[in-house]
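Subject: Structure handover

Hello,

Here is the structure I promised to pass on. Please open it next to this email. My notes come after it.

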Amino acid sequence: MALAIECRDLTIRYRQKSGAFVEAVRDLSFSVKPGEVVGFLGPNGAGKSSTLKALMGFVQPIAGLCRVFGEPAGGVSAKRRIGYLPEVALYYPFLTPLETLTLYGQLQGLRGRQLRSEAHDLLDLLGISHVAGKQNRTLSKGMLQRVGIAQSLLGSPDLLVLDEITSGLDPVGRRELRTLLKSRRDEGTTLFFSSHELAEVEMLCDRILVIHRGRLVEERLVSTLKDQLRRHSITYSGRVSMVGLTDELTEIAPGTVTAVFETKEALLVAIERVQGSGQILDIVSREGSLEDYFVDTIQGAA
Amino acid sequence: MKLAVWGALARGVVLESIRRKDLWVVAILGFVIMLSAGALGFFGAQGLQVFVKDLAVTVLGLFSTIVAILTTCRLMPEEVKNRTLYPLLSRPIDRFDLLFGKLIGAVLVSWIAFLALAALTSIALLNFGVRFDLLMAQYVLGKMMGLVVVCAVSFTLSLFMTPSAAATLSVILAFGSTMIVRGLVMGYEQASPAIQPLFKFLNAILPQYGLFDLGGRTANIDWGPVPAWVLGALLAYMVTYSGAMLAIGWAKFRKQAI
Amino acid sequence: MKQVGLIVSGTCGLAIATGWTATGWQTTLATTGQPAGLDAHESHASASLLGQFRTTFSGWLWLRTDLYLHNGVEMRRLTEQEVAGDHRGSSSIDNHDHALHDDSLITTVIPSAEQDFRGIFGDIERATSAYKDMTQHTHNDPVSALPLFRLMTWVDPSFLPGWTTGAAIIARDRSDRSLEKALGLLREGLAKNPRSIALDGEIGYLLAARRRDFRQAVHHLDRARIQSLERAALSDDEFEALPQIYRWLSLSYRERGMLAEMYAVLREGVERFPEDAVLQRLLESPPTPLLDSAGVDPPARR
């Protein structure tokens, strides 16, 4: 089965007004399997949007290849299976949300009753059916973002490429969107999105890709990362050896020590040792910060 | 399939133009034409028909061309500026479809403006006892074909330069090309044989808007309709020139980073 | 776009308002003893904008009238090379109004097929434009253009060619009724341009040559002569009209038996226009009365 996304040695270069060239993405390789949910992270200017644009065929890479379900990225057959939400888009200000969805639906190949019912269903799903007849220019930013999300879902695409997905949405909107995307994921849709909201990434993604200065610097499964970031500690009294388990020992009171472990396995061994020659006072497992990880990763790559 | 895509894009352009009240200028002009015709009526209809018809074809030609240029020149730059291009191009259409659909939309807007103005002008002309004939129908047809070429040129220019630069150049071409061609015709015989091919080349590449304007015959008296072969030749020129313009625009746009 | 509409409608509205209230404005723009038309700009601030528009509009109408008399066939002056090469086309058989155009100096803007390098483009233009080559060159009856002359003088009462050419066209059919209509038009023009040499001269000519009312003719022609002496500067048109005024004034004096005045006028005329052979001949030849038939044109009229 073809990969949902396959990028190999992707290099994207822009020409500035001065005539000089700037490399936005360099030798970037990654892949996304069908049904996967992958977050694409990186600081501003890292090359996320450029990569997504290359996936959509908006920019032509100067080297490497990009395929979507085995088809060349940007081609009509590849785009037929993609729903795309741009980072910032002003939908035609003088059209209504319903007309906007009808226009994009027609371009998507939807016709007649199918088009009408899908447009109305999406307006309902995104909670904007009450503004379906108002011109886009009168809608709030959040409403417009919902229009954008609705258009990306037209035609039930196999792959959703979402650039800055939660931009403009309030907390309620974010939660609704999360639920919507999870349902799409459960139906087998592949999700590939960029976001600065690490909480969204953590809640939705199977895997993350971290890009910095156009290069891939990390590729991790979210479940593994979460384990890795989680910190376990045990507070005990008595003389117990933690050799081979951790060096992170703190004497918080005379005869009372707190030991911190990177893995759950080390914690379990430590518990056995304390039970043999000491007394367990407390055991804590704390989730690590994805934000710290992200910052550390970027700083490490710099 | 393609027709549905072009139709959807064109419909979007027309809807936007109508809602944006771009065509209000047509309504205002129509009102002005009626008022002017009423004012001229004080001199008596007799003897003023030619003048009024001349005024009518001049106003029609001028303002339908301006509407066509202004509508067309901003279409694609606004798509890029407002980033409405992204959701459009993420659809399973190729870039040529996008350009062609938008161009059709621009042509339709300019035709609507022209026909609305022509209808209002016709009412004014009726007051002067002007009778409608085959030549007038040919004038309308010729003008509509000419507007296609105006839109195609403006559209292509807008892919290469800013909207204001494209509009300026389009206006210069629309209102100056006939003058330039006449200059070439006058200068050809005086030019040295070495330079004459340059005159021929310039004549070939300049849009021949003047050919589509039957206003001179329509406004004056006793001119008969033009032969069918002329309309056929105009149609062929419109298709060829507009096609060439679209091809140049597509060559620029097909790989352009957006 | 909206601005364009506003500007256009504003300009047209102004044009209509100007025409509508033209009679009222005449007191401002062309009061007795005050400069009219372009001259009024120097003394009347309000005249500047309206005056410029009216002058331009009348000038444009003048050109359009010439075009209509050629039935839409656009003409141009011959180039020096064409004149030298005897390149001109046949003159029309009905070039009856030299005031508007002289066929011996013009040709069609669109060249004939033999002179056109453009091939089929030229053929199409000759088919779609109002085009006839010079061998078929004709004119429409200038009477059909009379409303336009009326329009010119209405829009800009100081546009003298509108009065004089309009009157000349009216007087062309040689009936008494036409003569009175022509004189009426000229007097209306004179009332609005009391210092006009051309109008006084034209009235004097019609009175002398057509109505044979030499007393009234002397009144107008002599006033034109005196005006020409008092004026610091004369326009080209006025200067060119003066020899004719001297000729008709001398003939009118002669018809009234006022020979001393006749010789005085002729001497003054010859002094101012020494190249004028007609004035010279009139001065040197014995005073014979005009033929006693109405409507005789004098020698070398214009």
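Predicted model: local features only at pLDDT ≥ 70, side-chain atom pairs only at ≥ 80, totals over all residues.

**Chain B: overall form**

Chain B is built from ten helices and zero strands. Read from the N terminus, its elements run α-α-α-α-α-α-α-α-α-α. The radius of gyration of chain B is 20 Å. The globule rule gives 18 Å for 258 residues, which is close, so chain B is as compact as a globular protein of that length. Along the principal axes, the C-alpha atoms of chain B fill a box of roughly 60 × 55 × 30 Å.

**Domains in chains A and C**

Chain A has an assignment of domain 1 (5–225) and domain 2 (231–286). The C-alpha centres of these domains of chain A are separated by 46 Å.

**Where A meets B**

Chain A puts 27 residues into this contact, and chain B puts in 23. On the chain A side, the elements giving two or more residues are helix H2 (76–79), strand S6 (82–85) and helix H3 (97–108). H3(A) gives the most to that side, with six residues. By class, the chain A side has 18 nonpolar, six polar and three charged residues.

What does H3(A) do at close range? Its axis and that of helix H1 (residues 2–19) of chain B come within 8 Å. The two axes cross at roughly 155°. An angle over 145 degrees counts as roughly antiparallel, and H3(A) and H1(B) are therefore roughly antiparallel to each other. Their crossing is left-handed. H3(A) brings Glu99(A), Leu103(A), Gln106(A) and Leu107(A) to the contact. H1(B) brings Ala4(B), Val5(B), Ala8(B), Gly12(B) and Leu15(B). By class, this contact has six nonpolar, two polar and one charged residues.

**Where B meets C**

Here chain B contributes 42 residues and chain C contributes 35. Several helices of chain B give two or more residues to its side: H2 (24–40), H3 (49–81), H7 (163–190), H8 (196–205), H9 (215–219) and H10 (228–253). Which of them gives the largest share? That is H2(B), with eight residues. The chain B side divides by class into 26 nonpolar, ten polar and six charged residues.

**A helix pair inside chain B**

H3(B) is among the helices that give residues to the side facing chain C. H3(B) also packs on helix H6 (residues 134–160) of chain B. The angle between them is about 30°, and their axes are 8 Å apart. The crossing of H3(B) past H6(B) is right-handed.

- From H3(B), the contact takes Gly61(B), Ser64(B), Thr65(B), Ala68(B), Ile69(B), Thr72(B), Cys73(B), Leu75(B), Met76(B) and Pro77(B).
- From H6(B), the contact takes Lys143(B), Leu147(B), Val150(B), Cys151(B), Ser154(B), Phe155(B), Ser158(B) and Leu159(B).
- By class, these residues divide into eleven nonpolar, six polar and one charged.

**A helix pair inside chain C**

Helix H9 (residues 176–192) and helix H10 (residues 197–211) of chain C pack at about 160°. Their axes lie 9 Å apart. How are H9(C) and H10(C) oriented, roughly parallel or roughly antiparallel? The angle is about 160°, and the antiparallel class takes angles over 145 degrees. H9(C) and H10(C) are therefore roughly antiparallel to each other. H9(C) passes H10(C) in a left-handed crossing.

- H9(C) contributes Leu179(C), Ala182(C), Leu183(C), Leu186(C), Arg187(C), Gly189(C) and Leu190(C).
- H10(C) contributes Leu199(C), Asp200(C), Glu202(C), Ile203(C), Leu206(C), Arg210(C) and Arg211(C).
- The class count for this contact is eight nonpolar, one polar and five charged residues.

Over to you.

Best wishes

Note on methods: Residues numbered from 1 in each chain as written. Chains lettered and ligands numbered in written order. Contact = placed C-beta atoms within 7 Å. Helix = DSSP H or I, 4+ residues; strand = E, 2+ residues; numbered from the N terminus. Nonpolar A, V, L, I, M, F, W, Y, C, P; charged D, E, K, R; others polar. Axes fitted to C-alpha atoms, helices over the stretch in contact; angles between N-to-C directions. Parallel < 35°, antiparallel > 145°, perpendicular 65-115°, else oblique. Left-handed = near helix turned anticlockwise from the far one by under 90°. Rg over C-alpha atoms; globule rule 2.2 N^0.38 Å. Domains from an automatic or database assignment.
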